[in-house]
Amino acid sequence: MLYYSTNRNSQPASFCEAVKSGVAGDGGLFLPTDIPLVPAAVFRNMPEMSLSDIAYVVLNTLIGEDVDSATIKSINASAFNFDIPVVALKDSKLFSCELFHGPTGSVKDLGARYLARLCGTIFSGESDANHPVTVLATVSSDNGLAIADAFHDVYPCDVFVVFAKGRISPATRDRIIEIGANIHPVEVRGSNNDCLAMIRTALFDAGLKGHIALTSANSINIARLLPTTIQYFHSWACAVAAGADSDNIVISVPCANLSNLSAALIAVRMGLPVKRLIAATNSNDAFVEYLQTGVFHSKPAVETVTPAMDITQPMNLPRIKELMSGISVPVEGVAMSDNKIIATADELKDKYDYIANLHSCVSAGALIRNIKADEYGIFLSTVAPVPDSCPAASRHRIDSISPTYHALKRIINPTSTF
């Protein structure tokens with residue numbers, strides 16, 4: 001399968017070429033020229049399938065022409081060695097897809113681990129310690145530890161992890177610094193948008209890429225994006241297995257850099273039978289306005305109680321524009337204020353007996369406020385809420401079991417981190 005640039009001014013690339021370069025030569029992002037369909041018969045069997053079986057079917061459908069089946073199975077076994085529980089909320093038609101059970105307790109574990117192992121395979125034999133592949137990644141929250149952890153000791157990759165000063169917790173900052181080896185932390189005095197701009201500028205610099213092998217570990221790399229489509233097939237299958245109407249399921253997707261929504265749209269184009277998608281943001285609502293008006297106006301980012309989502313210049317917007325063209329499934333934008341996010345945390349606990357991190361409350365709150373009586377809803381839960389709900393390796397970065405306390409601390413002292 002070939003991959004085209006969203007700018008449409010460069011030659012299509014193979015999958016491996018797209019992974020190696022990260023972005024197209026004309027500055028665009030890669031997408032498959034033809035997104036293949038998962039056979040209808042597979043969806044009938046999917047509620048009985050394991051996560052590993054679903055992952056193999058989806059990824060073999062997407063990249064099986066470019067990566068042999070044995071390699072896909074090997075990478076799957078290594079990258080997806082953790083569960084993704086889909087939890088039914090008490091006395092409701094709501095489900096939480098918990099994406100934080102990986103090694104670092106992060107939603108990014110799924111895509112980052114797959115990309116790292118794929119890069120180790122693709123670049124093996126083409127570079128060495130004296131001529132490494134430079135991998136750039138910007139991280140906007142504690143979730144960024146997933147990238148550093150995934151690429152640690154993956155050679156010949158030399159990884160620079162870029163983050164804004166004060167926007168990740170001290171514990172996570174220290175952990176990224178301590179990893180060492182081929183992981184190099186870069187702290188920037190600026191915003192998440194500034195970090196994204198730095199990565200974008202470097203990747204689009206033809207002169208720089210002419211001297212070094214350079215790619216990205218962010219979701220602009222197609223190999224980081226495609227594996228995350230699995231979460232939508234898996235969560236849909238689990239909801240159906242639990243009694244949900246297979247044709248009446250709504251999925252609420254948290255939107256910041258728009259990688260999760262890009263993956264959801266690819267899943268829909270592959271045939272995932274969802275009724276509609278909800279694109280949930282915090283008060284940084286430029287994308288919601290885009291969905292309503294068709295025009296994107298970038299705004300300065302405002303600090304919220306969900307700092308990982310404080311992004312107003314999403315890198316994946318060009319992909320969204322391409323993927324939404326002609327799609328039949330509605331995509332509805334919902335912006336959640338800090339007060340609504342905090343209220344959702346309390347509602348989940350009091351009404352549904354479910355504890356959620358505030359970042360997860362963005363997609364949860366948007367779903368709860370917009371679901372119809374005859375619908376079943378799934379929201380992506382992206383950050384572990386309490387120490388006991390995530391792996392021991394990641395517990396160092398969980399400061400409090402109370403999401404409301406997190407929010408109040410941020411509101412009272414905007415310079416605090418958590």
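Biologist: Which residue in E3 is the bridge partner of Tyr-4?
Modeller: Leu-31 is the bridge partner of Tyr-4 in E3. Strand E1 covers residues 2-5 and runs antiparallel to E3, with three bridges joining them. Strands pair if DSSP finds at least two bridges between them. Helices (H or I, at least four residues) and strands (E, at least two) are DSSP runs, numbered from the N terminus.

Biologist: What can I trust here, and how is the numbering done?
Modeller: This is a predicted model, where local features need pLDDT of at least 70 and side-chain atom pairs count only at pLDDT 80 or more, while totals for chains, interfaces and linings use all residues. Residues are numbered from 1 along each chain as its sequence is written, and side-chain values use heavy atoms, with hydrogens and water left out.

Biologist: Back to the sheet, what's the strand order?
Modeller: The order is E2-E1-E3, in an open sheet of three strands with antiparallel pairing.

Biologist: New topic. How many salt bridges are there?
Modeller: The structure holds nine salt bridges. A salt bridge here is a side-chain nitrogen of Lys or Arg within 4 Å of a carboxyl oxygen of Asp or Glu.

Biologist: Which residue forms a salt bridge with Arg-8?
Modeller: Glu-322 does, and the closest N and O atoms are 2.5 Å apart. That pair links distant parts of the chain, since Glu-322 is in helix H14 (residues 317-324) and Arg-8 is in the loop between E1 and E2, 314 residues apart.

Biologist: Is Arg-8 buried or exposed?
Modeller: Arg-8 is exposed, at 55% relative accessibility. The cut-offs are under 20% relative accessible area for buried and over 50% for exposed, with partly exposed in between (1.4 Å probe, protein chains only).

Biologist: What about Glu-187, which residue does it form a salt bridge with?
Modeller: Lys-165, with the closest N and O atoms 3.8 Å apart. Glu-187 lies in strand E8 and Lys-165 in the loop between E7 and H7, so the pair ties together parts 22 residues apart in sequence. Glu-187 is partly exposed at 32%, and Lys-165 is partly exposed at 47%. Lys-165, Arg-173, Asp-174 and Glu-187 are linked in a network of salt bridges.

Biologist: Moving on to the backbone. Which peptide bond is cis?
Modeller: The one from Tyr-155 to Pro-156 is cis, with omega near 15°. Pro-156 is in the loop between helix H6 (145-151) and strand E7 (157-164).

Biologist: Why point that out?
Modeller: Because most peptide bonds are trans, and most residues other than glycine have a negative phi. On the phi side, Ala-181 has a positive value of about 55° although it is not a glycine. Ala-181 is in the loop between helix H7 (170-179) and strand E8 (183-188), and is partly exposed at 48%.

Biologist: And what is the phi of Asp-353?
Modeller: Also positive, about 55°, although Asp-353 is not a glycine. Asp-353 is in the loop between helix H15 (338-352) and helix H16 (358-368), and is exposed with a relative accessible area of 60%.
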